[in-house]
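Trainee: I am new to this structure and would like a close look at one part of it. Could you take me through the open sheet and then on to what is packed around it?

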Amino acid sequence: VQLQASGGGLVQAGGSLRLSCAASGRTFRSSVMGWFRQAPGKERGFLAAINWSAGSTIYTDSVKGRFTISRDNAENTVYLHMNSLKPEDTAVYYCAAAGYWSRDSRDYAYWGQGTLVTVSS
């Protein structure tokens with residue numbers, strides 16, 4: 001599975017961004033796709049996940065209502081729509097693929113390269 005993340009950038013507090021993760025490879029359709037983020041000096045943390053087949057989703061509580069994960073099966077792309085961004089959302093955002101539902105980064109075998117989101121106050 002190969003993953004390519006994009007869409008990061010600089011945005012003012014209260015603004016929105018949409019991150020994209022393009023997936024390719026023979027087995028990725030059996031996977032769960034997740035989004036994580038890592039701020040400077042902090043551990044990588046789970047944000048949301050979606051499965052390709054049913055589109056079911058899970059979120060960490062801190063982003064529920066602000067972030068939405070979605071997928072486009074035709075484009076083989078997973079998105080993270082981020083609204084009402086706050087300075088504390090500043091981090092490198094990663095997409096990843098796992099074979100089953102998990103919030104643990106250690107269960108995700110494949111990772112994109114990360115895309116930086118900076119939220120200014």
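Mentor: Gladly; we will start with the sheet, go on to the cores and finish with the aromatic rings.

A word on the model comes before that. This is a predicted model, in which local features need pLDDT of at least 70 and side-chain atom pairs count only at pLDDT 80 or more, while totals for chains, interfaces and linings use all residues. Residues are numbered from 1 along each chain as its sequence is written, and side-chain values use heavy atoms, with hydrogens and water left out.

Now the sheet. It is open and built from four strands in the order β1-β3-β8-β7, with antiparallel pairing. Strands here are DSSP runs of E with at least two residues, numbered from the N terminus, and two of them pair if DSSP finds at least two bridges between them. The edges are taken by β1 (2-6) and β7 (67-72); each has a single partner strand, so one side of each is left without a neighbour in the sheet. On average, neighbouring strands of this sheet are turned by 15 degrees against each other, direction ignored; the axes behind that angle are lines fitted to C-alpha atoms, and angles in general run from 0 to 180 degrees between N-to-C directions.

Let us walk across it. β1 and β3 pair in the antiparallel sense over five bridges, and in β3 the bridge partner of Gln 4 is Ala 22. Next, β3 is joined to β8 by six bridges, again antiparallel; here Leu 17 has Met 82 in β8 as its bridge partner. Six bridges also join β7 to β8 (residues 77-82), and these two run antiparallel. In this pairing, Phe 67 stands opposite Met 82 in β8.

The loop between β7 and β8 holds Asn 76. Its phi is near 55 degrees, a positive value in a residue other than glycine. Most residues other than glycine have a negative phi. Asn 76 is partly exposed because its relative accessible area is 24%; buried means under 20%, exposed over 50%, and partly exposed in between, with a 1.4 Å probe and protein chains only. Past β8, in the loop between β8 and β9, comes Ser 84. Ser 84 also has a positive phi, near 50 degrees, and with a relative accessible area of 42% Ser 84 is partly exposed.

Back in the sheet, Ser 20 is found in strand β3. Why does Ser 20 count as buried? Because its relative accessibility is 15%. Not counting residues up to four places away in sequence, Ser 20 touches Gln 4, Ala 5, Ser 6, Trp 35, Thr 77, Val 78 and Tyr 79; contact means heavy atoms within 4.5 Å.

Next come the nonpolar cores. Each is a set of buried Ala, Val, Leu, Ile, Met, Phe, Trp, Tyr and Cys residues joined through side-chain atoms within 4.5 Å. The largest has 29 residues, of which Trp 35, Leu 80, Met 82 and Tyr 93 touch the most other members. All four strands of our sheet, β1, β3, β7 and β8, are among the elements that give two or more residues to this core. Leaving aside neighbours within four places in sequence, the contacts of Leu 80 include Leu 17, Trp 35, Phe 67 and Tyr 93. A second, separate core of seven residues includes Val 32, Phe 46, Ala 96 and Tyr 108.

Finally, the rings. Rings of Phe, Tyr and Trp (its six-membered ring) pair if their centres lie within 6.5 Å; planes under 30 degrees apart count as stacked, over 60 as edge-to-face and the rest as tilted. The count comes to five aromatic pairs. One of them is Phe 36 with Tyr 108, edge-to-face at 4.9 Å centre to centre and 80 degrees between the planes. Phe 36 lies in strand β4 and Tyr 108 in the loop between β9 and β10, 72 residues apart. Phe 36 is buried at 0% relative accessibility, and Tyr 108 is buried at 3%. Tyr 94 and Trp 111 are also edge-to-face, 6.2 Å centre to centre with 80 degrees between the planes. Ring pairs link Phe 36, Phe 46, Tyr 94, Tyr 108 and Trp 111 into a cluster.
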